[in-house]
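User: Please take a close look at one part of this protein for me. I would like to see what surrounds a single residue, and then how the rest of the chain is built.

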Amino acid sequence: MLAVALVSPVSAQEATGAVTGRVQNAVEGKALNLARVAVAGTNRDLLTDDFGEYRFTGLPAGEVTLTVSYTGLQTQSIKVTIVAGQTVTADASLASAAVARSLGEDSAVTLDAFVVTSERETNAANIAANEQRYSSNLKNVVSSDAFGDVTEGNIGEFMKFLPGVSVDYVAADVRTMAVRGFADNFTSVSVNGARMASSASGGSSRSFEFEQVSINNVARIEISKAPTPSMPADSLGGAVNMISKNAFERKGTQFKYRAYLSLNSEDLQIFKKTAGPMGEKTFKGLPGFDFDLTIPFSKTFGIVVTGLTSNQFNEQHRTQNVYNHAQAGATAANPYLQQYLFQDGPKNTFRDSVSIKADWKLAPGHVLSASWQTNYYLSQFGNRNYNFNVGTSNTSTPSGGVPLSYNASSVTGAGGRGTLTGEMSFRDKYGLTNASVIGYKYTGERWQVDAGVNYSASKTWYRDAGRGHFSSVRTSLIGINRISYEGITEERPTTIRA
């Protein structure tokens, strides 16, 4: 009886085997995270990990059929012969229906150039639909290249297109983001699941400022819109998780780069320096460059290195009309234009970012990752504000002699009641954010482990009384004999006389 008891489990073990493989996009060669792999005729199925990999154990020896599916792509069936006591490999390449037809039976990509599709392979809609389908809570997931090139590298310019998301601009840059109508300080931001630090531009705040992170470091972005027990307590609005690129999401070594030139339509001088916004003349056509390098040294170890330098000049012209409907005889039905403010605020923005991430597959299902990134940001402001004010009195001063009069298209202020104020403010804003994460993941058929340790630091500082700047200079002319607006439109008066 003892001999039978010892031999029987061994015989059962030898009668089973394992199958492992990788699921990727047939056109781009990118790994497909959360692709569903099922063993036909059984209730066994699982989802691929971040590297597009899966592993079944304990399958009976003989031929089995695997069904591989991904939302928006053609389902594929693979026949595999399981060998007792061994592990066999079965990879899958998925494509859209149109591309799959062009590939033919031998899967040779010969007609790819003639396939016309209206969307990118594995586009944002497919990724979002697939990850939302298998998510434990409500969230949006989008690949970072879904909307094409993002000038200046600000992640906020990318996320503003997502449903339920609103962004707040400061000058020409997206600074903060709000989800589901909650204030921006109720949205937590993390990288690879680890909370990322953000220094506030002024005062104490929990708001995350997206000026200090770069989209070039990110493979995809997850926005969770319903809090879960694992989220920070201040994630009432939602949580943003930026997932870094990994060494095994592509097949083989790849080096991608872009070089570009940013121009403003109001100043197309490329080879000539012109005035503003700083004291010296500068170029307004500014170059940019970014790259990412993927090196899988082996099937179990690889690195990704990314870098970005983005430089941009923005002309900023803003106007504001202030109407008075309660003074100088005005009513809500018949107001007059009291103040007209215009601002000239050109701005230079410089952003530099570098990141490196290493992934090591310790054993099947076990992955150890380490990542580090640094982001440097500099913006140069030069604001000039001028405010014309005809006043709130319809009677002139003794020396003015002219009462206030107005109609829909013109206003003449009372004599001696007008004011003109001007304010100039110049400063440099600097930001530096570093983040590093060491993570361990185990993905099995029944258990998943996600653990890690991280460090992040961020600082912001200003130079408003150095480099030739004045923090603020104000001027004021009061008692102007008469200010008048002529040719008033929705945007501005055509002519101002003082």
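The request is about T460 and its surroundings.

Analyst: This is a predicted model, where local features need pLDDT of at least 70, side-chain atom pairs count only at pLDDT 80 or more, and totals for chains, interfaces and linings use all residues. Residues are numbered from 1 along each chain as its sequence is written, and side-chain values use heavy atoms, with hydrogens and water left out.

Start with T460. It lies in strand 26, residues 448-463. (Strands are DSSP runs of E, at least two residues; helices are runs of H or I, at least four; both are numbered from the N terminus.) The T460 side chain makes a polar contact of 2.6 Å with the side chain of S199. Another, of 2.9 Å, links it to the side chain of Q212. A polar contact is a pair of N or O atoms within 3.5 Å; within protein, one must be able to donate a hydrogen and the other to accept it, and residues adjacent in sequence count only if both atoms are side-chain atoms.

Now widen the view to contacts, meaning heavy atoms within 4.5 Å. Setting aside residues up to four places away in sequence, T460 touches S199, A200, S201, Q212, K429, Y430 and G431.

Next, the whole chain. It has four helices and 29 strands. Of its contacts with a separation of 6 or more, 67% join residues 24 or more positions apart. Of its 498 residues, 46% are buried, that is, under 20% relative accessible area with a 1.4 Å probe, protein chains only.

Methods. Buried < 20%, exposed > 50% of the residue type's maximum accessible area, 1.4 Å probe, protein only.
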